[in-house]
Amino acid sequence: METIDRVSAGSARVAIVGGIHGDEPAGERIVRRLADELDAAEDGSGNDVEFGDDEGSGDEESGDEESGEGIVRLIIANERALAAKARYTDTDLNRAFPGDADSDEYERALAPRLAAELEGMDAVLALHTSRSAPPPFAIHSGLTPSVRRTVTAMPVDYVVDASGLRGTTLDSTVPHTVSIEVGRQGSEEAVEFGYEACLAFLRAHGAIDDEPPTFTEATVVAGDEEVPKGGGEPHVHYANFEEIPRGAVFAEDDVYTHRVEEEGVVPILASEHGYEEIFGIYGRVTGTLEPPASASETAAGSGGGGEAGVEGGGTAEEADATAEEVETE
Ligand SMILES: [Zn+2]
């Protein structure tokens, strides 16, 4: 694991994690690019990201940042798997949380070290790519105000609520974590999209202030159940978030024919060769995640309203209530 700390433009403590899976090089590339660019801001290149305690540049666009408290932590998680160009070396890191520091399995021992690096963060974004078709989408396992802010700042139309699935992923273990599937494994588009998503994430939490954050609603799809693979040649007939007509076959191989007998089912992470054990996950559209009631009032990193504590400590209930409130700007 490699940790690269950069100074935030605001008071938020945020982290971006790439390279959880070693066969997804986009995450590491995005993290290294961000590390370089946040470095470059040190030279006073117009971005207000600054280093150390120096607040004296005098050309800040908004004068209320609390420089010096926030942090942008950039992490390359699974260096051994990245070197091997394999999803994992001993066991899937994103199925190994909370992990075991004494385990002989590399990833199982790495999991608690990674979680420790993320402790106390106001917002975490974990980068992934997949072998399923676009569009990119976000995943969370527990809605907090921070998660709402992250998801609605992302340039995605869909967010998967994975709280009903297994609890061994990073986003189900570390609070305020959103995972994002940025595109096809190995594609340049995934790197570009993921990079832009990271900038949107950093803006949303006040960590960079090159331009104001923008927020849009996202369609929520609850993950219901994994769709098992049997063996032989796999066939998948519906793409991510495409509604499967009642009675239609979603996927099949020599062992299984997965016919959908209900309405409203959509596939998540659907792919023929992406996973050894599953074709994907059945999901169901459950609603819409609205942007935060006010784009500026609750940003932990904006420093504007002094409400940073609310952002980090809120509950899902508060988040739901916030959605119903009228804009107070
Ligand atoms: Zn991944």
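Helices (H or I, at least four residues) and strands (E, at least two) are DSSP runs, numbered from the N terminus. The structure described here is a predicted model. By that definition, His237 lies in the loop between strands β9 (235-236) and β10 (249-252).

**Overall composition**

The protein chain contains eight helices and 13 strands. Of its 329 residues, 48% are buried. Among the contacts with a separation of 6 or more, 70% join residues 24 or more positions apart.

**The sheet**

Ten strands form an open sheet with mixed pairing, in the order β1-β3-β2-β4-β7-β5-β6-β8-β13-β12. At its edges stand β1 (2-7) and β12 (265-268), each of which pairs on one side only. On average, and with direction ignored, neighbouring strands of this sheet are turned by 30° against each other.

Strand β4 (residues 123-130) pairs with strand β7 (residues 177-184) in the parallel sense, over six bridges. Ser130 stands opposite Arg184 in β7.

**Two residues in their surroundings**

Val220 belongs to strand β8 (residues 218-228). Is Val220 buried or exposed? A residue is buried if 20 or more other C-beta atoms lie within 10 Å of its own. Val220 has 20 such neighbours and therefore counts as buried. Leaving aside neighbours within four places in sequence, Val220 is in contact with Val159, Asp161, Thr286, Gly287, Thr288 and Leu289.

His237, in the loop between β9 and β10, has 15 C-beta neighbours inside 10 Å and so counts as partly exposed. When residues up to four places away in sequence are not counted, His237 touches Val249, Phe250 and Ala251.

The table gives a C-alpha to C-alpha distance for each of these residues.

| Pair | Separation in sequence | C-alpha to C-alpha distance |
|---|---|---|
| Val220 and Glu290 | 70 residues | 9.9 Å |
| His237 and Ala251 | 14 residues | 5.8 Å |

**Helix α6**

Helix α6 (residues 188-204) has 17 residues. The buried residues of α6 are Ala190, Val191, Phe193, Gly194, Ala197, Cys198, Ala200, Phe201, Leu202, Arg203 and Ala204. An α-helix has 3.6 residues a turn, so residues three or four places apart point the same way. After α6 comes Gly206, which has a positive phi, near 75°.

How values were computed. Residues numbered from 1 in each chain as written. Predicted model: local features only at pLDDT ≥ 70, side-chain atom pairs only at ≥ 80, totals over all residues. Pairing = 2+ DSSP bridges. Axes fitted to C-alpha atoms, helices over the stretch in contact; angles between N-to-C directions. Buried ≥ 20, exposed ≤ 12 C-beta atoms within 10 Å, placed from the backbone. Contact = placed C-beta atoms within 7 Å. Expected span 1.5 Å × (residues − 1).
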